[in-house]
Amino acid sequence: MAVLTEEQVMLKDAAKGWVSERSPVSALRKLRDADVDVGFDRAAWAEMGQMGWAGVVVPETYGGSEFGYRSLGLVLEETGRTLTNSPLVSTALFAASVLTLGAGAAQKEAWLGRIAEAGAVIAPAIDEHAHHAPAATALAATRSGDGWTLTGKKPFVLDGMAADAFIVAARTSGKPGEEAGITLFLVPASAPGLSRTRLKTVDSRGAADVSFEGVAVGADTVIGQADQGFGLLDQALDRARAGLAAEMLGQASQAFEITLDYLKTRVQFGQVIGTFQSLQHRAAKMFTELEMTRSCVEAALDAIDSNGNDVRALCSLAKAKASETVHLVSNEMVQMHGGIGMTDAHDAGLYMKRARVSEALFGGASFHRDRYATLMGY
Amino acid sequence: MTDSAPTELDAFRAETRAWLEQNYPRSLDAPMAEDDAPWGGRRAKWSNPDAKLWLDRMAAKGWTAPTWPTAYGGGGLSAEQNRVLQQELIRLKARPALMSFGLWMLGPVLLEYATEEQKQKFLPPIVRGEIRWCQGYSEPGAGSDLAGLQTRCEDQGDHYLVNGQKVWTSYADQADWIFCLVRTDTSKKHEGISFLLFDMTTPGVEPRPIKLISGSSPFCETFFDNVKVPKDQLVGRLNGGWDIAKRLLQYERQNISASGFGGGAGPELEDVAKAFVGVSGGKIADPDLRARIAEHRMYAKAFALTVRRAEAESKAAKGPSAATSIIKYAAAKMNQDRSELMVEALGTQGLGWEGEGFDPDALKATRAWLRSKGNSIEGGTSEVNLNVVAKRVLGLLDHQ
């Protein structure tokens with residue numbers, strides 16, 4: 001853990017304390033078993049808002065603390081540790097980034113304050129296929145009068161059931177696959193023609209398939225410039241990738257620590273299994289990956305906060321490494337726990353299920369290796 | 001040594017840049033051949049006299065050992081100033097003025113464990129590149145289990161008498177002095193080891209080069225037959241050498257790692273792949289190779305960020321960061337992966353041994369690939385490194 005400011009240490013400690021008390025893994029289990037359709041605890045989300053976590057990257061003018069991405073990463077790492085379900089990623093990270101970076105004054109006024117106090121959930125309706133591909137946007141937005149009409153589908157929208165509004169990537173010109181011709185819209189969930197269907201996913205979060213059937217929206221719902229939305233989207237996605245990577249680092253770190261404890265307590269052949277060299281080496285390799293991932297995550301978040309010129313490559317690096325590491329560690333968590341690791345009663349399965357969803361969200365290791373190579377010119 | 005304020009640091013940068021630009025001999029801009037590596041020592045050969053001039057100029061400022069105290073010939077720089085110096089050297093693409101086990105390994109432990117007289121005697125010649133040191137650690141029966149070493153050292157009243165054999169002594173045939181682990185008590189294992197310095201020209205010392213699969217001979221077997229060593233050349237206490245030995249290994253692994261086993265030299269992997277595999281739509285034409293190159297390059301970037309983070313954290317905590325422990329293991333993997341990918345990208349051009357029909361860079365890459373197999377063995381095998389992480393960092397216990 002690199003050197004933190006006093007403010008950051010306080011934020012991290014507060015997050016650590018809160019999740020252990022209010023949001024241990026058993027809270028996720030309860031949500032799952034109660035079959036809550038929004039996939040998170042609204043009371044807990046309100047508390048997160050009161051503590052200021054929803055407004056960490058929101059400008060002070062709009063009620064946020066403007067502490068920056070490194071600080072939000074600290075909160076996400078702690079909430080990741082206990083698999084806390086909340087709209088931090090969809091709303092406090094992604095939507096707050098889009099709006100802060102690209103929205104007009106009226107949109108900021110209308111939404112950023114609500115985000116900062118956890119008074120609204122805004123979900124990213126970006127991808128349209130089974131794999132992350134923002135440039136492949138096809139959902140059609142056509143001009144009608146002063147406004148636009150949206151028609152198309154957005155599957156697997158994170159926090160889609162709880163969303164008060166969606167940030168929708170739509171095709172306003174050009175062809176799917178082209179970066180030019182994409183426009184971002186801020187569409188209220190109540191807009192006529194918008195419907196959502198709940199998805200039951202492995203991680204028990206409130207994802208939804210969202211359908212737009214001739215949804216008429218005003219010109220004031222366009223975020224930034226029409227046809228020029230990809231740059232803004234990519235910038236906001238990078239912030240989301242780095243922040244999500246911090247959450248995944250937390251997930252992987254906790255999964256590793258639980259596993260390490262088990263290696264130190266489970267006795268077979270008359271000794272604790274952690275004395276076996278094959279398991280020691282695998283544990284040491286996981287530790288190596290976790291340390292390398294931490295370096296990437298911190299570098300990406302710092303680059304965002306200092307407006308570095310290598311933000312894109314570092315965010316792809318962080319998301320790819322975090323994806324590889326949480327994949328490895330969550331699998332090893334199941335394997336090293338043996339029989340108990342296969343059971344629903346143990347948390348290992350919950351870590352593995354959440355890991356796979358986090359890996360896929362905003363691009364997995366393979367997507368980001370390709371992007372990294374392209375950015376580097378090969 | 002306190003942190004310098006930003007403005008002072010800016011001034012230091014300006015002065016440093018001006019001095020370097022004035023004093024770095026431009027004839028050294030040409031690529032450095034392996035034979036030109038500036039190891040110094042009594043038998044140093046300088047194919048380009050400017051390389052010696054560069055060493056002398058840097059040594060006069062103490063900048064071959066930038067952070068060592070000026071009292072022992074060092075530069076007396078703070079960590080920040082040293083970082084600026086290193087950045088400016090990189091900016092100039094300067095060759096190293098001196099490469100030296102004395103600088104990287106022995107000097108730091110002498111600063112910590114040696115007597116004042118020993119520091120005065122041994123450190124300044126290291127800074128000036130006058131004495132080239134080699135490392136007498138491994139033995140035929142003591143590799144990963146280093147503390148099992150058997151080279152005997154007996155107290156003969158007015159001197160020590162050393163008998164035994166070392167192996168994997170890097171460049172022992174070219175070194176002037178050796179820092180050597182010897183057994184001074186056969187009744188104990190770790191507590192029976194001492195840390196001894198002696199001249200390689202002492203009668204009874206005989207190094208023999210070992211030829212590796214790469215064709216090169218960076219290592220030797222070194223034999224000691226009734227070697228007489230003055231008693232004031234013992235560092236630390238008698239039978240107290242194991243702590244010094246371990247500390248030196250930390251410096252060795254740190255240094256190996258910071259240099260990434262020298263893997264950064266030569267053409268970039270992606271450029272080689274583009275040249276030998278082809279390009280399609282601006283990308284390396286073989287998508288599988290391209291993905292594996294990207295994976296490796298990202299690992300290398302993560303590694304570099306980890307080295308930087310470990311430095312920053314060690315400094316803030318005034319002790320090694322947990323990240324330090326994984327660096328040697330990761331560096332070995334990184335360089336081996338890179339070497340394998342390089343030879344794969346070169347195709348049959350990567351399979352030449354010597355002579356006509358092969359590009360000199362390709363031949364170098366092939367030899368480097370073979371040499372890289374040692375990276376996970378030398379300086380502690382990767383398996384031993386993982387043991388160390390498991391036990392010391394993760395707190396896992398020994399098998400009973």
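## A tour of the domains in chains B and A

Begin by selecting chain B, whose domain assignment gives domain 1 (6–99), domain 2 (133–241) and domain 3 (259–393), such bounds coming from an automatic or database domain assignment. This is a predicted model, in which local features need pLDDT of at least 70 and side-chain atom pairs count only at pLDDT 80 or more, while totals for chains, interfaces and linings use all residues. Residues are numbered from 1 along each chain as its sequence is written, and chains are lettered from A and ligands numbered from 1 in the order in which they are written.

Next, select domain 2 and domain 3 of chain B, whose centres, taken over C-alpha atoms, are separated by 31 Å. Seven residues from domain 2 of chain B and seven residues from domain 3 of chain B make up the contact, where two residues are in contact if their C-beta atoms, placed from the backbone, lie within 7 Å. On the side of domain 2 of chain B that touches domain 3 of chain B there are three nonpolar, four polar and no charged residues; here Ala, Val, Leu, Ile, Met, Phe, Trp, Tyr, Cys and Pro count as nonpolar, Asp, Glu, Lys and Arg as charged, and the others, Gly among them, as polar.

Now turn to chain A, which is assigned domain 1 (6–120), domain 2 (124–227) and domain 3 (230–375). The centres of domain 1 and domain 2 of chain A, taken over C-alpha atoms, are 23 Å apart, and the contact takes 19 residues from domain 1 of chain A and 17 residues from domain 2 of chain A.
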